[in-house]
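Here's a structure to walk through together. Have the sequence and the 3D view open, and let's go through it question by question.

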Amino acid sequence: MFTKDGLIDDIRGHFAHVDTCPFQGPRVFFENAGGALTLKSAVETSTFYASIPDNQGRDNVASAELMRVIAKAKDDMAVFFNAPSGQFFVGESGTELLFRMIRTAVVESGAGKVLGSTLEHPASRSAAIRWAGIAGKDYVSVPHNDETGSVSADDYAPHVTPDTVVATILHTSPVTGMAVDVKGIVEVIRATAPDCLIIVDGIQHAAHGRLDIAGYDVDGYAVSPYKVFSRHGYGVAWVSDRLGNMNHDMLINGPTDNWEFGTRDTGAYATFSDVVDYFDWLGAQVCDSTDRRERIEAAGAAIHSHEKDLTDAMLHGVGNQKGLVELDGIGIIGGVDNPLREGLVSLTVEGMSGADVVTALNAQNIRTHLRKADHYSGNVLTPLGLDSCVRVSMCHYNTEQEVSQFLSAMQGIVDGRSA
């Protein structure tokens, strides 16, 4: 998708450290699910606002400009997420924001049950189980599908009851890389429990584009911007008017609709505007629309297409290089030709620990990540009888040449294991 007319080079030119680590030197970055590359514009923006001493809400020109930048960022977020109503706010992290939204939903929703799935990251699952217990509500766990590495509307359906008052959904698994049909699950929930408060963990999904809050009919959505080309140190959340107006943590006698605490980091908001501007730019490269939302949608579609090309190449080979499915002793979590896959392949190598594979790849300047059957990933790996896996996560700025370099390294690792 991005190989025509040198577009991939233009794309890579937008990002810092795209092929070189300042500590390691030249490397292939296949650890995007752990934190994507950062836009150069976000680095510059963050540096600028970190130097500003003024705060919001003061009677001076600098303060007014900071407030304008924050207001613009919220407008940019509304376009990016396609959220014509509700409100956006930032916090410590995506995890912290999920805890806050889930806590409010569980405590304020009245008698009933809380519903979630075994696929979820502990960011949402821990919050839901904790606050269900405190509120004296039953927590109902929907088993995910071990074979697909995802969870479906059909999986949720038997567990939804009229007294389901809160539900959580993971948009994409950071372990399997498989997406979830949020809209389909919401339709199943609302058919039986129409007033259920539904909160989505979009942290893993956001970098792949195609976000559409208006189409989901949910009440909360959170992302971690460092996983969508911005920087560490903040999270972004959206709440519906219904959830936003519920009694939540706030300052006494303060604005009742305010979900933010203390003085906000203007640089956080501004760097998310950089993310939205980038998606807008990318969309303009692949479509002729003059509408900003349509360009952002086109960018998401193009990202998905390019990343599918990359994962197909990784699985089935590129050029004369064998794909993972042709290498002896390689296992693919979630199956090989899984249409739910979003730029990620999690694998095992027979006769080798995941840690040893990650180390061997790193020795060849290829950055991947070990997922262990711990409190982060045990919900997915333990039912498969695995103590670990290797997560190889790509993004739209990665190339087939990098995939070929990875496959060559994997061929050597497999051959060396057999020697």
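Q: Is Arg295 buried or exposed?
A: This is a predicted model, where local features need pLDDT of at least 70, side-chain atom pairs count only at pLDDT 80 or more, and totals for chains, interfaces and linings use all residues. Residues are numbered from 1 along each chain as its sequence is written, and side-chain values use heavy atoms, with hydrogens and water left out. Buried means under 20% relative accessible area, exposed means over 50%, and partly exposed is in between (1.4 Å probe, protein chains only). Arg295 has a relative accessible area of 15%, so the call is buried.

Q: Which residue has its backbone oxygen 3.4 Å from a polar atom of the Arg295 side chain?
A: Arg295 sits in helix 11; helices here are DSSP runs of H or I with at least four residues, strands are runs of E with at least two, and both are numbered from the N terminus. A polar contact is a pair of N or O atoms within 3.5 Å; within protein, one must be able to donate a hydrogen and the other to accept it, and residues adjacent in sequence count only if both atoms are side-chain atoms. At 3.4 Å from a polar atom of the Arg295 side chain, the backbone oxygen belongs to Ser289.

Q: How do helix 3 and helix 11 cross, and in which hand?
A: Axes are lines fitted to C-alpha atoms, for helices over the stretch in contact, and angles run from 0 to 180 degrees between N-to-C directions. The axes of helix 3 and helix 11 (residues 292-316) come within 9 Å and cross at roughly 55°. Angles under 35 degrees count as roughly parallel, over 145 as roughly antiparallel, 65 to 115 as roughly perpendicular and the rest as oblique, so helix 3 and helix 11 are oblique to each other. A crossing is left-handed if the near helix is turned anticlockwise from the far one by less than a right angle, and right-handed if clockwise; for helix 3 and helix 11 it's right-handed.

Q: What is the hand of the crossing of helix 3 and helix 10?
A: Here the axes come within 8 Å, with helix 10 covering residues 266-286, and cross at roughly 40°. That makes helix 3 oblique to helix 10. The crossing of helix 3 and helix 10 is left-handed.

Q: What arc do the buried residues of helix 3 cover around the axis?
A: Among the buried residues of helix 3 are Leu66, Ile70, Asp76 and Phe80.

Q: Which exposed residues are on the face of helix 3 turned away from its buried side?
A: Helix 3 runs over residues 61-81, and Asn60 caps its N-terminal end with a side-chain oxygen 3.1 Å from the backbone nitrogen of Ala62. After helix 3 comes Asn82, with a positive phi near 55°. On the face turned away from the buried side, the exposed residues are Val61 and Asp75.

Q: How far apart in space are Val236 and Asp76?
A: Val236 lies in strand 10 (residues 235-239) and is buried, with a relative accessible area of 1%. Val236 and Asp76 are 160 residues apart in sequence, but C-alpha to C-alpha the distance in space is 12 Å.

Key. Expected span 1.5 Å × (residues − 1).
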